[in-house]
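The plan is to look things up one at a time and jot down what turns up.

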Amino acid sequence: MLAAIFIIALISAFTILLITKIGLRDFVIEHGPKLISRMFDCDFCLSFWTSVLVTAGMVLVTKDLSLALVPMLSTPITRILI
């Protein structure tokens with residue numbers, strides 16, 4: 001479980017850094033709907049929802065429902081990494 005937390009935090013941090021580097025984050029902040037724009041502007045929100053998406057993908061692949069709390073535990077680590 002601890003390894004899954006760190007793996008998801010690393011994948012989420014990489015994803016956030018990638019969308020920032022290619023300019024997608026700024027594009028969504030400027031042109032997206034108000035709620036989505038605010039979410040992409042908030043590091044905590046973006047870290048959490050990215051972790052949720054990565055965890056959902058891992059649950060689909062591994063069929064392990066014990067990963068349900070991982071986004072809450074990996075979000076602070078992701079924030080430190082970005």
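Predicted model: local features only at pLDDT ≥ 70, side-chain atom pairs only at ≥ 80, totals over all residues.

**Entry 1: salt bridges**

How many salt bridges does the structure hold? I found one. Asp-43 pairs with Arg-25, and their closest N and O atoms sit 2.6 Å apart. This pair links distant parts of the chain, with Asp-43 in helix H4 and Arg-25 in helix H2, 18 residues apart.

Next I checked how covered the two partners are. Buried means under 20% relative accessible area. Arg-25 has 11% relative accessibility, so I put it down as buried. Asp-43 comes out at 32%, so that one counts as partly exposed.

**Entry 2: helix H4**

Since Asp-43 is in helix H4, I looked at that helix next. H4 runs over residues 43-62, which makes 20 residues. From first C-alpha to last it reaches 28 Å, close to the 28 Å expected at 1.5 Å a residue.

Which residues of H4 are buried? My list reads Leu-46, Ser-47, Thr-50, Ser-51, Val-54, Thr-55 and Val-59. I then asked what these buried residues pack against, and got helix H1 (2-21), helix H2 (24-31), helix H3 (34-41) and helix H5 (70-81). Just after H4, I noticed that Lys-63 takes a positive phi of about 60 degrees.

**Entry 3: the nonpolar cores**

A bit of background I keep in mind: in soluble globular proteins, nonpolar side chains tend to be buried together.

Here, the largest nonpolar core has seven residues: Ala-4, Ile-5, Ile-8, Val-54, Val-59, Leu-67 and Val-70. H1 and H4 each supply at least two residues of this core. Which helix gives the largest share? That is H1, with three residues.

There is also a second, separate core of five residues, and Ile-16, Ile-19, Val-28 and Leu-46 are among them.

Leaving out residues up to four places away in sequence, Val-59 touches Asp-64, Leu-65 and Leu-67.

I picked out Ser-74, which lies in helix H5. Is Ser-74 buried or exposed? Its relative accessibility is 0%, so Ser-74 counts as buried. With residues up to four places away in sequence set aside, Ser-74 touches Ile-5, Ile-8, Ala-9 and Ser-51. Two of those names were already in my notes: Ile-5 belongs to the largest nonpolar core, and Ser-51 is on the buried list for H4.

Then I went to Ser-37, found in helix H3. Ser-37 has a relative accessible area of 13%, so it is buried. What does Ser-37 touch, not counting residues up to four places away in sequence? I wrote down Val-28, Ile-29 and Gly-32. Val-28 had already come up in the second core.

**Entry 4: the nonpolar patch**

Phe-14, Leu-18, Ile-22, Leu-24 and Phe-27 make a nonpolar surface patch of about 520 Å². The elements giving two or more residues to this patch are H1 and H2.

I checked one of its members, Leu-18, which is found in helix H1. Leu-18 counts as partly exposed because its relative accessibility is 40%.

Key:
Residues numbered from 1 in each chain as written. Heavy atoms only, no water. Helix = DSSP H or I, 4+ residues; strand = E, 2+ residues; numbered from the N terminus. Expected span 1.5 Å × (residues − 1). Buried < 20%, exposed > 50% of the residue type's maximum accessible area, 1.4 Å probe, protein only. Contact = heavy atoms within 4.5 Å. Core = buried A, V, L, I, M, F, W, Y, C linked by side-chain atoms within 4.5 Å. Salt bridge = Lys/Arg side-chain N within 4 Å of Asp/Glu carboxyl O. Patch = residues over 30% accessible without salt bridge, like charges linked within 9 Å, V, L, I, M, F, W, Y side chains within 5 Å. Areas by Shrake-Rupley, 256 points an atom, 1.4 Å probe, with all protein chains shown as cover.
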